[in-house]
Amino acid sequence: MHAPVLVLKDSLKRESGPKVHHANIQASKAVADIIRTTLGPRSMLKMLLDAAGGIVVTNDGNAILRELDLAHPAAKSMIELSHTQDEEVGDGTTSVIVLAGEMLHVAEAFIDKNYHPTVICRAYNKALEDAIAALDKIAMPIDVKDRSTMLGLVKSCIGTKFTSQFGDVIADLAIDATQTVGVDLGQGLREVDIKKYIKVEKVPGGQLEDSKVLKGVMINKDVVVPGKMRRKIVNPRIILLDCPLEYKKGENQTNAELVREEDWEVLLKMEEEYIQNLCMQILKFKPDLVITEKGLGDLACHYLSKAGVTAIRRVRKTDNNRIAKASGAVIVNRPDELQESDVGTGAGLFEVKKIGDEFFAFIVDCKDPKACTVLLRGASKDLLNEVERNLQDAMSVARNIIKNPKLVPGGGATELTVSANLKQNSSSVEGIEKWPYEAAAIAFEAIPRTLAQNCGVNVIRTMTALQGKHANGENAWIGIDGNTGAIADMKERKIWDAYNVKAQTFKTAIEAACMLLRIDDIVSGIKKKQAPGAGQAQSKPKVETEADADGEQILPD
């Protein structure tokens, strides 16, 4: 008898075959179960404690999963899913996970029957293509300019969120903000850059109803000399700078030997004149408001305030970009290169207001702003954070619609239609792939089923009734009204979803399910190669600090 051959080190664990598949499927289902109850208008909130002891209360799938610390690799990749979904389309983070979990769940039966994972994946991909085709069939185009449709759409997206009780407030904010910053790319395309040009400022205090979209920008800064400079300017001329208005200090220590005492005064004079020149170059253009990203010396302050110019210093780069977009100014790097065209005249009002206990500078009433600030007010920090997350989702949905103005029914109606279509098609699928294909069709029903569960209605009856309605692919608009759990026509109830959110959800979920099914081997415990006994001590290179630079380690001559 041969002695056993050891290939892997003792420290490595290796699992392979069906065991791995089961482990992955279990893990993914566990993740899906965590956030299953947060789907739909009757969703529950989750309270998460992070390491610092802060509390997050939310039902945004992505926000919940972001806070979780998971051990299992498959579960981690499920979390990546909701990240992707959040980055791409901003909504549907919960449904992606629920759908992917369900896809894996139905695959489990086939793995037990020794189906090869690639067969299941092939069937799933086929199902995905047909599902997208079915989506195209039931999608209906809408007019982006029609405000009420947009409102209905964004509302149904936020209907599942915590802020739905505040009615249209958030939906209004989202639509206003996204329509403000939309840029036409030509060919009917619109690009909306939410991250760059929409700033959400959360100010605790007041009521949610006080939240508004400013036709312009607001920054958390006061003017440099509060007593002297004007706090309110109508139709200001704005100059944006990216350079310090103070005397440049040398890079390293400069020793100047002065023989005569007057030379010292000459030096000081030169500094003063330098700054005076800078200021004069700026004042040539008769600005009312100078905003710089860097520092602003006392002298420069003096010259500016003497000329009646209001100055704000050390503004964040991102804020400066937004002000430029809103007021039509150009950010200038050197004062001597200023031109008349760089002065922003688009703003109608500059004003410093005190909100709560902080000063905020508002640059508002812009003529054609391409950037805006959403001012959120609310009772507590937690509430504001949640509102901000919901607003992000709502703005993403509004953006998606502006980009691709097609709608599909919400309330699980889409999934049921797709499911019914797939069931019909499954008879034409040949060979062994037919069964997984059919299973994928059934998996799509997870979404309406979860909706029904969260409403607390009789799930089995509701589902059978819905399946009956959808049986031959007709009644594409019948779904569940998430608030009551009644079966209703989504067109009448104005429950919609954006087409590309749905399409992205399906794609992400199925592709992820395929990826996890394809894993057949997990090798864990791979260590970096290290000399035995070398702990952490030697792995860190020794960094010389300034203290021991003067030590003995001077090279011999």
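A nonpolar core is a set of buried Ala, Val, Leu, Ile, Met, Phe, Trp, Tyr and Cys residues joined through side-chain atoms within 4.5 Å. Buried means under 20% relative accessible area, exposed means over 50%, and partly exposed lies in between, using a 1.4 Å probe and protein chains only. The model is predicted, so local features need pLDDT of at least 70, side-chain atom pairs count only at pLDDT 80 or more, and totals for chains, interfaces and linings use all residues. Residues are numbered from 1 along each chain as its sequence is written, and side-chain values use heavy atoms, with hydrogens and water left out.

Start inside. In soluble globular proteins, nonpolar side chains tend to be buried together. Here the largest nonpolar core has 59 residues. Which of them touch the most other members? They are Ile97, Met103, Ile120, Tyr124, Phe444, Phe506 and Leu517. Helices (H or I, at least four residues) and strands (E, at least two) are DSSP runs, numbered from the N terminus. At least two core residues come from each of α1, α2 (61-67), α3 (73-88), α4, α5, α13 (413-425), α14 (434-443) and α18 (499-518). Helix α5 gives the most, with 11 residues.

Now turn to charges. Side chains of opposite charge can pair when their charged atoms come close. A salt bridge is a side-chain nitrogen of Lys or Arg within 4 Å of a carboxyl oxygen of Asp or Glu. How many salt bridges does the structure hold? There are 18. One of them joins lysine 29 and glutamate 108, with the closest N and O atoms 3.5 Å apart. This pair links distant parts of the chain. Lysine 29 is in helix α1 (residues 18-36), glutamate 108 is in helix α4 (residues 93-112), and 79 residues separate them. Glutamate 108 is buried, at 13% relative accessibility.

Glutamate 293 and lysine 317 form another salt bridge, and their closest N and O atoms are 3.6 Å apart. This pair, too, links distant parts of the chain, at 24 residues apart. Glutamate 293 is in the loop between β12 (289-292) and α10 (298-306), while lysine 317 is in helix α11 (residues 317-327). Lysine 317 is partly exposed, at 46%.

Helix α11 also holds arginine 322 and aspartate 319. Their side chains meet in a salt bridge of 2.9 Å, N to O. The two residues are 3 apart in the helix, so about one helical turn separates them. Both are buried.

Rings come next. A pair of aromatic rings is described by the distance of the centres and the angle of the planes. Rings of Phe, Tyr and Trp (its six-membered ring) pair if their centres lie within 6.5 Å; planes under 30 degrees apart count as stacked, over 60 as edge-to-face and the rest as tilted. The whole structure has 2 aromatic pairs. In one of them, phenylalanine 110 and tyrosine 115 have ring centres 5.0 Å apart and planes at 55 degrees, so the pair is tilted. Phenylalanine 110 is buried at 8% relative accessibility. Tyrosine 115 is buried too, at 16%.

A charge can also sit over a ring, if NZ of Lys or CZ of Arg is within 6 Å of the ring centre and within 35 degrees of the ring normal. Lysine 353 lies over the face of phenylalanine 362, at 4.7 Å from the ring centre. Likewise, the charged end of lysine 406 sits over the ring of tyrosine 499, 4.4 Å from its centre.

Two loop residues deserve a look. Lysine 286 is in the loop between α9 (261-283) and β12. At 62% relative accessibility, lysine 286 counts as exposed.
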